[in-house]
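This briefing sets out the helix packing, the principal pocket and selected residues of the structure shown below. Please read it alongside the sequence and the coordinates.

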Amino acid sequence: MDLEHLKNTEAKEWLNRYAEKASTLGSRKAYAWWQGVLEDLRRIRGESATLDLKQRMNRIKNERNNNIGSDV
């Protein structure tokens, strides 16, 4: 298992966690929770690692949205 795979898996996990929070708490509270998570990640990992995670999450989310309704 390579580092890219692990980073992508982590991004998918955070997307799933956010979706779960949004479904149980509502989108506003989930957003506030996510902002706290990002702040913790910036403090622990640094800005560049946090930005990398956010970019991966956005790419995966966009790929998921593009595949809705397709035969994939």
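In what follows, contact means heavy atoms within 4.5 Å. The model is predicted. The chain holds three helices and zero strands, and from the N terminus on its elements run α-α-α.

**Overall architecture**

- The C-alpha trace of the chain spans about 40 × 35 × 15 Å along its principal axes.
- Of the 72 residues in the chain, 19% are buried.
- Among contacts in the chain with a separation of 6 or more, 52% come from residues 24 or more positions apart.

**Packing of H1 against H3**

- Two packed helices are described by the angle between their axes and the distance between the axes.
- Helix H1, covering residues 3-25, packs against helix H3, covering residues 47-67, at an angle of about 70 degrees, and the two axes are 9 Å apart.
- H1 is therefore roughly perpendicular to H3, because angles of 65 to 115 degrees count as roughly perpendicular.
- On the H1 side, the residues that meet H3 are Glu-4, Lys-7, Asn-8, Glu-10, Ala-11, Lys-12, Trp-14, Leu-15 and Asn-16.
- On the H3 side, the residues that meet H1 are Asp-52, Leu-53, Arg-56, Met-57, Arg-59, Ile-60, Lys-61 and Arg-64.
- By class, this contact of H1 with H3 comprises nine charged, six nonpolar and two polar residues.

**Packing of H2 against H3**

- Helix H2 spans residues 27-45, and its axis comes within 7 Å of the axis of H3, crossing at roughly 135 degrees.
- H2 and H3 are therefore oblique to each other.
- H2 contributes Trp-34, Leu-38, Leu-41, Arg-42 and Arg-45 to the contact, while H3 contributes Glu-47, Ala-49, Thr-50, Leu-53, Lys-54 and Met-57.
- The contact of H2 with H3 divides by class into six nonpolar, four charged and one polar residue.
- Leu-53 and Met-57 of H3 are listed in the contact with H1 and also in the contact with H2.

**The largest pocket**

- The largest pocket contains about 240 Å³ of space.
- Its lining is formed by Leu-15, Tyr-18, Trp-34, Lys-54, Met-57, Asn-58, Lys-61 and Arg-64.
- H3 gives the most to this lining, with five residues, and H1 and H3 each supply at least two.
- The lining of the largest pocket has four nonpolar, three charged and one polar residue.

**Selected residues of H3**

- Thr-50 lies in helix H3 and counts as buried because its relative accessible area is 2%, where buried means under 20%.
- Glu-63 and Trp-33 are 30 residues apart in sequence, and their C-alpha atoms are 24 Å apart in space.

Note on methods:
Residues are numbered from 1 along each chain as its sequence is written. This is a predicted model: local features need pLDDT of at least 70, side-chain atom pairs count only at pLDDT 80 or more; totals for chains, interfaces and linings use all residues. Side-chain values use heavy atoms; hydrogens and water are left out. Axes are lines fitted to C-alpha atoms, for helices over the stretch in contact, and angles run from 0 to 180 degrees between N-to-C directions. Helices (H or I, at least four residues) and strands (E, at least two) are DSSP runs, numbered from the N terminus. Angles under 35 degrees count as roughly parallel, over 145 as roughly antiparallel, 65 to 115 as roughly perpendicular and the rest as oblique. Ala, Val, Leu, Ile, Met, Phe, Trp, Tyr, Cys and Pro count as nonpolar, Asp, Glu, Lys and Arg as charged, and the others, Gly among them, as polar. On a 1 Å grid over the protein atoms alone, a cavity is a set of points where a 1.4 Å probe fits but cannot get out, and a pocket is an open set with protein on both sides within 12 Å along at least five of seven lines; lining residues have an atom within 4 Å of a point. Grid points are joined across faces, edges and corners, and a volume is the space filled by probe spheres set on the points. Buried means under 20% relative accessible area, exposed over 50%, partly exposed in between (1.4 Å probe, protein chains only).
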